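Please look over the sequence and the model first.

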Amino acid sequence: MSPALLAGLLAAASLAPFLNKAISGDSIFYLRVARQMLVSPLRPFDFTLVVDHAARSGWAVANNPPLVSGWYALLMAVGGEREWWLHLGALVFPALAAAGMARLARALWPEVSRGWAVAAGLLLVWTPGVFVNSTDLLYDAAFLAAWVWATALHAEALVEGSRAKRLAAYGCVAAAGMIKSVAILLPPILWFHAWLRHRSLREELFGTLIPLAVWLAWAGQNLAIYGQVQLLKARAEVGASLRLHKEVSLLCALGGATVFLPALLAAAARRSKAGW
């Protein structure tokens, strides 16, 4: 059995005791989106709900694309809305995150033993913040899985020179962006990693067309149906203003991803045309 598969199975098994956990918090909204997608898949936010004693539109509340809610909609269509069933279906996300981390460990450190690769995957999922979120139906575990797999496949592509894996990596980037919009920060990180490995940035930019096409299609859907681009919405009607801790974390994430760009552009300016 491969380390990735073993890490994924062990991660899922460790979360099995929480299959009957009550659905609460933001998960309720995500399931409401899923029900709407069963009715009209292209209009996932066409509903109203009561928040803080006031009726709000689904579009006003939604801050992220509905890819994971689409998965929940499929689960509902197959097995209904039983809590244990939905939690069971959601276990795929932390399992994928653990498996992807095991793959990433081996890509970045080829000499690592199978045991340590498995441990890397499990330690990721067993981090308290990840573990707790994985016991609910939030988007976080799915986003983490897509981010980790994008990074792992990209690292493997750089080592092996595999164009197929590079394109698959950017496919995962596209999926991450359809889970949480903050995934727009991932491509610059992958570009910088490629530059560090002295790989062609032309190939990286070609791969970036995949998420760019998907995200532009989603933006077009937003404009056509709701008259706004979700990513550019100034605020949601619920939770109208960002709290300080959110502002700080957002700035840290933005800085951590974009700090590579000036160095990348400066290095590119010095490179010959053949280097691209």
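Thr48 stands opposite Ser57 in β2. The model is a predicted one, in which local features need pLDDT of at least 70 and side-chain atom pairs count only at pLDDT 80 or more, while totals for chains, interfaces and linings use all residues. Residues are numbered from 1 along each chain as its sequence is written, and side-chain values use heavy atoms, with hydrogens and water left out.

**The chain as a whole**

- The secondary structure comes to 14 helices and two strands; helices (H or I, at least four residues) and strands (E, at least two) are DSSP runs, numbered from the N terminus.
- Of the chain's 276 residues, 46% count as buried, where buried means under 20% relative accessible area, exposed over 50%, and partly exposed in between (1.4 Å probe, protein chains only).
- Among contacts between residues at least 6 apart in sequence, 73% join residues at least 24 apart; a contact means heavy atoms within 4.5 Å.

**The two strands**

- Strand β1 (residues 48–51) pairs with strand β2 (residues 54–57) in the antiparallel sense over four bridges; two strands pair if DSSP finds at least two bridges between them.
- Besides the pair of Thr48 and Ser57, Leu49 has Arg56 of β2 as its bridge partner.
- The hairpin has two residues between the strands, and Asp52 takes a positive phi near 55° there.
- In a regular strand the side chains alternate between the two faces of the sheet.

**Helices α6 and α7**

- The end C-alpha atoms of α6 are 24 Å apart, which agrees with the 24 Å that its 17 residues should span at 1.5 Å a residue; the expected span is 1.5 Å times one less than the number of residues.
- Helix α7 (residues 114–126) has 13 residues and reaches 18 Å from its first C-alpha to its last, close to the 18 Å expected.
- The buried residues of α6 include Phe93, Pro94, Gly100 and Leu104, and what covers the buried residues of this helix includes α1, α4 (67–79), α5, α7, α8 and α9.
- In α7, the buried residues are Ala117, Val118, Ala120, Gly121, Leu122, Leu124 and Val125; their cover includes α1 (3–15), α6 (92–108), α8 (128–134) and α9 (140–160).
- Met101 has its place in α6 and counts as partly exposed because its relative accessibility is 25%.
- Not counting residues up to four places away in sequence, Met101 touches Ala120, Gly121, Leu124 and Val148.
- The C-alpha atoms of Met101 and Gly8 are separated by 9.4 Å, although the two are 93 residues apart along the chain.

- Rolling a probe the size of a water molecule over the atoms shows where empty space is left.
- On a 1 Å grid over the protein atoms alone, a cavity is a set of points where a 1.4 Å probe fits but cannot get out, and a pocket is an open set with protein on both sides within 12 Å along at least five of seven lines; lining residues have an atom within 4 Å of a point.
- The structure holds one cavity of 30 Å³ or more, and about 40 Å³ of space lies in the largest cavity.
- The lining of the largest cavity is made up of Leu15, Phe18, Leu19, His87, Ala90, Leu91, Ser134, Thr135 and Asp136.
- His87 lies in helix α5 (residues 83–90) and counts as buried because its relative accessible area is 4%.
- Leaving aside neighbours within four places in sequence, His87 is in contact with Phe18, Leu19, Lys21, Ile23, Thr135, Asp136 and Leu137.

**The second largest pocket**

- About 370 Å³ of space lies in the second largest pocket; a volume is the space filled by probe spheres set on the grid points, which are joined across faces, edges and corners.
- This pocket is lined by 20 residues, of which Ile184, Leu212, Trp215, Leu216 and Leu231 are the closest to its centre.
- The elements that give two or more residues to the lining of this pocket are α11 (186–196) and α12 (201–226), and the largest share, nine residues, comes from α12.

**Leu201**

- Leu201 has its place in helix α12 and counts as buried because its relative accessibility is 5%.
- The C-alpha atoms of Leu201 and Trp191, 10 residues apart along the chain, are separated by 6.8 Å.
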